[in-house]
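Reader: Before I rely on the labels attached to this model, I would like to hear how each was assigned. Could you set the values against the definitions as we go?

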Amino acid sequence: MAKQTEDTKTLELIEAPKRRGRPVTGKAKSSAERMQLLRYRQKRDGVKTLNFSTRELALIFESLQHLHSGIDCVESWKPELVGLIEKLKSAY
């Protein structure tokens with residue numbers, strides 16, 4: 001005979017197997033709540049995100065390679081690179 005769900009005093013005849021994993025706390029957050037908290041922490045800490053196209057990144061890396069090798073390329077910087085540098089400056 002099965003025990004009724006409202007019965008809290010009768011003991012189980014056969015114990016249910018233990019559940020695997022970490023016990024449930026009931027305080028789980030949804031993905032949206034976790035992302036909202038992440039964005040809040042980043043804003044509070046001053047973290048900023050800039051998006052660059054693949055072409056813009058290639059231009060930046062090329063210029064950095066020239067600077068690292070000692071080639072003075074300031075005069076040969078393309079107007080696009082100057083625009084990217086301004087974009088970086090305005091973010092901070």
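This is a predicted model: local features need pLDDT of at least 70, side-chain atom pairs count only at pLDDT 80 or more; totals for chains, interfaces and linings use all residues.

Reader: Where does L64 lie, and what makes a stretch of chain a helix?

Author: L64 lies in helix 2, where a helix is a DSSP run of H or I of at least four residues, a strand is a run of E of at least two, and numbering starts at the N terminus.

Reader: Why is L64 called partly exposed?

Author: Buried means under 20% relative accessible area, exposed means over 50%, and partly exposed is what lies in between (1.4 Å probe, protein chains only). L64 has 46% relative accessibility, and therefore counts as partly exposed.

Reader: What makes the nonpolar surface patch that includes L64?

Author: The patch is made by L57, F61, L64 and L67, and amounts to about 370 Å², an accessible area computed by the Shrake-Rupley method with a 1.4 Å probe. Patch members must have over 30% relative accessible area and no salt bridge; nonpolar side chains (Val, Leu, Ile, Met, Phe, Trp, Tyr) are joined within 5 Å, like charges within 9 Å.

Reader: How do you know that the buried residues of helix 2 line one face?

Author: In helix 2 the buried residues are L59, I60 and S63. Seen down the axis they fall within an arc of 95°, taken over the directions from the helix axis to the C-beta atoms, so they line one face of the helix. On the other side, T54, F61, Q65 and H68 are exposed, and what covers the buried residues includes helix 3.

Reader: Which residues of helix 3 are buried, and what puts them on the same side?

Author: The buried residues of helix 3 are L81, L84 and A91. They cover an arc of only 80° around the axis, which puts them on the same side of helix 3.

Reader: Why is L84 called buried, and which residues does it touch?

Author: At 5% relative accessibility L84 falls below the buried limit, and so counts as buried. Leaving aside residues up to four places away in sequence, L84 touches F52, E56, L59 and I60, contact meaning heavy atoms within 4.5 Å. The C-alpha atoms of L84 and F52 are 8.8 Å apart, although 32 residues separate the two along the chain. I85, also in helix 3, counts as partly exposed because its relative accessibility is 26%.

Reader: How does the reach of helix 3 compare with the span expected at 1.5 Å a residue?

Author: Helix 3 (residues 79-91) has 13 residues and reaches 19 Å from its first C-alpha to its last, close to the expected 18 Å, the expectation being 1.5 Å times one less than the number of residues. Helix 1 (residues 31-45), with 15 residues, reaches 21 Å, close to the 21 Å expected.

Reader: What makes the pairing of D45 with R44 a salt bridge?

Author: A salt bridge is a side-chain nitrogen of Lys or Arg within 4 Å of a carboxyl oxygen of Asp or Glu. The closest N and O atoms of D45 and R44 are 3.1 Å apart, so the pair qualifies, and the structure holds one such bridge. D45 counts as exposed because its relative accessibility is 52%, and R44, at 52%, counts as exposed as well.

Methods. Residues are numbered from 1 along each chain as its sequence is written. Side-chain values use heavy atoms; hydrogens and water are left out.
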